[in-house]
Amino acid sequence: MSSRPSFKPSPLATAGLAAVFAATLAACGGGNGEAPPQTTALAVETTAPVVTITTNVSGETATGPITFTFSFNRDVGTSFTADDVTVTNGTKGAFTRLSGTSATLVVTPTANSTGTVQVAMAANSVSAATGTGNAAVTASKAFNTVPPVVRTALVTFQEAPAPVLTGFGGAEDATVVTDPTDGANKVARIVKSAAAEVWAGTTVSVCPNQGIARLPFSATLTRMSARVWSPVAGIPVRLKVENSANPAQSAETEATVTVASGWQTLTFDFATPAAGTAALNAALTYDKASIFFNFGTGGAATGARTYFLDDLSFVGSSFTAACPSTGGGGGAASSVTITMDEATPPTFAGFGGAEDASIANDPAGGTNKVARVVKSAAAELWAGTTVSTLAGNQIAPIGFTATNRTITVRVWSPVANVPVRLKVENAADASKSVETEATVTAANTWQTLSFNFANPAAGTAALDPAATYNRASIFFNFGTPGSATGARTYFFENLTYPAVAASGGGSSASTTAINFEGTAPTFTGFGGAEDASVVTDPTNAANKVARIVKSAAAELWAGTTISTGAGDTINRIAFATGSTTITARVWSPVAGIPVRMKVENAANAGVSVETEATVTTAAGWQTLSFNFANQATGTAALNLAATYNRLSVFFNFGTPGATTGARTYFIDDIVYPTGSATGGATGSAGTLVFSSGYRAGGTTAQGGNWGYFSGDFSNFRETFTGGGFADSTPPVADDAQFFFIAVTTSAPTAPAGTASGGFMGMFVTHPGLALTGQTTLAVNVGIDENFFRQTSNKTVDVFVVGSTNYSNGSGGDCKVTLKGTITPTTNNMITYTLPLAGMTLVQPCNGGGFTSGISTVAQALAQPIGAVNTQFTFPNVNTTINSGTAAAPVYATGLTRGKTEFR
């Protein structure tokens, strides 16, 4: 309490006041100058000050510092200080006197604790001007400063498509069902049968190869959790994590159920491995998880028991759970699931007595749709059903790899112990196929079967990872005819197979993610955001992110271009109707700031679009969505036909660093659509059409140009050109259009046999086509029939030319060029394929004043492609001219060009 003298008017003071009053009245000219009689002392206000204490916390419980406001009903001057307040269960902080009637005190509750903070003022701690003191007063606020448990959900069982449950050892009866205690929730139901092994368990997966997201274990991050429901308490639950590509790398630990017939959350600490199992090694990859209820006790000892599982999570770290990458193209691995609930249902083609196949209701009840297959009493032993989602009884290509050769299917059979065969094949070449089997172990219930094509069925071909498999057929009770069993009805759904990775050969994934975990992207900062690099996530030591510093001298437009390819490029963004959004996780030290994102054409900066999203979380990660259908004011609208293959991000766009000072931001997991959505990309998934639809005016359907070129010949005796064009009569369909040139020439100016000499060819351009994982160039060409009769010297050179033009500053221009060769096998027009990785970098534009920075084929292919040229180069050009005699042959050099694709 502050010290100040008390004050009471004395009789002497009262008389003095009367004298002053009388003198004042006389000075004003009133009265007779005498004071009125004083029979009592002068009355003075003596009411004590009243203190009201409030807080800034609107909820019942505070989770951080609390600001207490002390309000007085009368002025207490400077008598109130922080010393007048006693605090329990907290620490005093900043004290601010707002006025003589108001002040605040910040109190920080005890850390990592729960309880009640109390502030108290003793009686007479403060006083009014008259000296009267306050009555004792207290105020309190409940608090909870125990840090919330940070968890990243790995599998919630709400996913669509549903997670895959692969049981083993007697726990095969595993499926996603409605929570027995909450009709709005989905959980996993696992039945450990009466015949189950002591090690019976279930693998839970949402990624290819029975995987989940890679788990970011570290020295301090060692825990996972799961909600479980068990009919009995006191049983151990074991959790095992392993490397999906190397099962020898694993770790196991256990937790104990303490609640019977009710949900509880178990925590599994891998810092304490189960006896006899390997210790956790944070340097290894763990991306697969299996759970074992009542581990160590067989079903024979307990009878069949049903358990439930939910919310498998990683504890202690917040990150975006994504399937591990399986390719080098920066895209996340993915799988394809045919659920039977698709808006456009799959089609079925039955054969051999299984023709009765259709979409039906789930036999287990509910609104779920499944495939129903009836194998008739007259069915052949090989009766089966082809399921397809594309024309021609096809599915999207299957992305088998060296380590991922499994397809899973959820099946329902009226009897157990029947074999189910699955066959995949090439829809265009049935000789390319592979078959394998799995066995139903439960009757009249759903279970998930795993078909490992690394183990082909006896007498069938081995898996060829290089082949294209895009047709799938299923055979229930394969090997047994209907006459032996009578008609039977089977059901299946959730046929899940690995998609072709974005960097693989076939199709591309639907999105690409720049996650900063692999080869570091390139950062090109500008306007004061040049300090950008890959660093460790400030909240998760196992994660890598991009750090961007916007300096105190930064322009309001300071930003950073993030690129994964040469020339500040990324894979082409496949914007399409209904797919115009890019997402990114961001971390900002302050909330309420705009983040602008800009995408543009790397070859033409005039083609761009910008949009913004707002940070709402300070000093924490959040995912922002950038919808380019809503362009920023004053910027160009999105053009779905344009090529966008450069991306830049601008934190706190519109505010210079001088206003805010230097600030550090972080960004991670930039996810954008890729694939064959737009820009002339037609045909099967993953195919990008470079040129087709030739017009007589020298243009293509894709907005490019076509024509001819030649050089170093002394004479062209005869030249023939033409083709089948869209504007021919009758018109020719785009895919069937072509153009040709046939030339008879004299010798080239360069001596025969030298490396230089005459050349002639055909060019086709495209306004910048960015590859999105394609690995093969397919060119449809034919040559003159007589020229083909030559026994040699008829190789066709193929050049892939980048669209970016590099200057040496002295008037010279250069475009990066790759070269491959075709040796014609017929004079007819056929499609020849060239592996892009096998091409030669013949013009890197990296030297002699040119600075493309490109030195490898892969770097060249990361740039947009601007031209694909086919040409004959001397001596692969006929120069035999008819001398005028009947015996002298004339072999015109002729070349025909059709559709060109990247696959």
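**Disulfide and surroundings**

Modeller: Cys845 counts as buried, at 3% relative accessibility. Buried means under 20% relative accessible area, exposed over 50% and partly exposed in between, with a 1.4 Å probe and protein chains only. This is a predicted model: local features need pLDDT of at least 70, side-chain atom pairs count only at pLDDT 80 or more, and totals for chains, interfaces and linings use all residues. Residues are numbered from 1 along each chain as its sequence is written, and side-chain values use heavy atoms, with hydrogens and water left out.

Biologist: Which residue forms a disulfide with Cys845?

Modeller: Cys814 does, with the two sulfur atoms 1.9 Å apart. A disulfide here is a pair of cysteine sulfur atoms within 2.5 Å. The structure holds one.

Biologist: What does the pair tie together?

Modeller: Cys814 lies in strand S50 (residues 813–814), and Cys845 in the loop between strands S53 (840–843) and S54 (846–847), so the link ties together parts that are 31 residues apart in sequence. Helices (H or I, at least four residues) and strands (E, at least two) are DSSP runs, numbered from the N terminus.

Biologist: Is Cys814 buried or exposed? And which hand does the link have?

Modeller: Cys814 is buried, at 9% relative accessible area. The link of Cys814 and Cys845 is left-handed, with -80 degrees about the S-S bond.

Biologist: Zooming out, how many helices and strands are in the protein chain?

Modeller: The protein chain has six helices and 57 strands. Of its 903 residues, 47% are buried.

Biologist: How many bridges join S4 to S7?

Modeller: Four, and S4 and S7 (residues 114–121) run antiparallel. Thr86 stands opposite Ala120 in S7.

Biologist: Now the cores. Which residues touch the most other members in the largest nonpolar core?

Modeller: Leu777 and Phe902 do, in a core of 42 residues. Another core, of 38 residues, lies apart from it, with Leu154 and Phe217 among its members. A nonpolar core is a set of buried Ala, Val, Leu, Ile, Met, Phe, Trp, Tyr and Cys residues joined through side-chain atoms within 4.5 Å.

Conventions. Two strands pair if DSSP finds at least two bridges between them.
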